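Have the model open as you read.

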Amino acid sequence: MTAAVQTPLPVQGGAQIPAMVLAAGRGERMRPLTDACPKPLLAVQGVPLLEWHLRALAQAGVPRAVINTAWLGEQISERFGGHFGLQGNESAGSLLSISYSHEGRDFGGALETAGGIARALPQLGPVFWLAAGDVFAPDFVFATDAAQRFAASTALAHLWLVPNPEHHPRGDFGRSDAGLALNLPADSTAPRYTYSTLALLRAELFGAPWCDVPAGNPTGISAALAPLLRRAMDAGRVTASLYTGRWTDVGTPQRLAQLNR
């Protein structure tokens, strides 16, 4: 699949771009821990998983974050409210503004990754960060220069890939020497890496020909992100970096317990 190259949309004046943090999942594999607590509020080293991302976003000077919710989503909005600031640095100019996309309230359940992002796009902008609220990556930096480079490029997405964990030995995507993310054939022997869920995205990815969900997802269509990324990879429009900092997909009680030992 190919598409015309679009004019890149720059970040103005060196400012940071907004972020979306995914927090709508049910966390079935984490039960019974998630029966009464949404997965992103489970604590790692005494801090809710979601808050680790909010701290990093605030530290990087990101001005706004949109959090999507579904299962027990009211607990998330009650916990964080409309602003988040680092302790000891909570002046009005340093606060991370938070808004919500309440998929559970509006549609009765989560819309999957692409469906949820498409729903939240009116609250975001042409370029934005993405992070998943159930991933622990305390060393990751939402760097302004990375956002600037991405916004000045013609890529639709930039992904951070990690070495494959034991529970996902096959990985997800390849990476070329030139830094392109690769949608490798199933029989390829080229190295694969795991998508960390950390990314920079362009809103254009959530329109034709990459995505069939209508703008703003007004009817609540559920759609996964991976098929969109693979289409864009086939057109050479996705770049990737390798991330070697601490990273855990907190997908089971055992992984959570290991982090808290």
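This is a predicted model: local features need pLDDT of at least 70, side-chain atom pairs count only at pLDDT 80 or more; totals for chains, interfaces and linings use all residues.

## Leaving helix α2

Now step back into α2 itself, which spans residues 73-80. Gly-73, Ile-76, Ser-77 and Phe-80 are its buried residues. Looking down the axis of α2, you'll find those buried residues within an arc of 90 degrees, so they line one face of the helix. As for what sits over them, the cover includes the strands β1 (19-23), β3 (47-48), β4 (64-69), β5 (83-84) and β6, along with helix α1.

## How α1 meets α2

Helix α1 (residues 49-59) packs against α2 with the axes 12 Å apart and an angle of about 40 degrees between them. That angle makes α1 oblique to α2, and the crossing is right-handed.

Zoom in on the contact and you'll see Leu-50, Glu-51 and Leu-54 on the α1 side, meeting Ile-76, Arg-79 and Phe-80 on the α2 side. Sorted by type, the contact residues come out as four nonpolar, two charged and no polar. Ile-76 and Phe-80 turn up here as partners of α1 and also belong to the buried set of α2.

Is Ile-98 buried or exposed? With a relative accessible area of 7%, Ile-98 is buried, since the cut-off for that label is under 20%.

Leaving aside residues up to four places away in sequence, Ile-98 touches Leu-54, Ala-65, Ile-67, Phe-80, Gly-81, Gly-82, His-83 and Phe-84. So that list includes Leu-54, which lies in α1, and Phe-80, which lies in α2.

## Helix α6

Helix α6 (residues 226-234) has Leu-228, Leu-229, Ala-232 and Met-233 buried. Their arc around the axis is only 135 degrees, which puts them on the same side of α6. Covering them are elements including helix α4 (112-120) and the strands β9 (157-162), β11 (181-182) and β13 (238-242).

Just after α6 comes another glycine to check, Gly-236, with a positive phi of about 70 degrees.

Most residues other than glycine have a negative phi, and most peptide bonds are trans. Which residues go positive without being a glycine? Gln-45 is one of them, with a phi of about 55 degrees. Gln-45 sits in the loop between β2 and β3, and it counts as partly exposed at 47% relative accessibility. Thr-197 is another, with a positive phi of about 80 degrees, and its place is in strand β12.

There are cis peptide bonds to look at too. The bond from Arg-31 to Pro-32 is cis, with omega near 10 degrees; Pro-32 lies in the loop between β1 and β2 (43-44). The bond from Ala-208 to Pro-209 is also cis, with omega near 5 degrees, and Pro-209 belongs to the loop between β12 (194-202) and α6.

Key. Residues are numbered from 1 along each chain as its sequence is written. Side-chain values use heavy atoms; hydrogens and water are left out. Buried means under 20% relative accessible area, exposed over 50%, partly exposed in between (1.4 Å probe, protein chains only). Helices (H or I, at least four residues) and strands (E, at least two) are DSSP runs, numbered from the N terminus. The arc is that of the directions from the helix axis to the C-beta atoms. Contact means heavy atoms within 4.5 Å. Axes are lines fitted to C-alpha atoms, for helices over the stretch in contact, and angles run from 0 to 180 degrees between N-to-C directions. Angles under 35 degrees count as roughly parallel, over 145 as roughly antiparallel, 65 to 115 as roughly perpendicular and the rest as oblique. A crossing is left-handed if the near helix is turned anticlockwise from the far one by less than a right angle, and right-handed if clockwise. Ala, Val, Leu, Ile, Met, Phe, Trp, Tyr, Cys and Pro count as nonpolar, Asp, Glu, Lys and Arg as charged, and the others, Gly among them, as polar.
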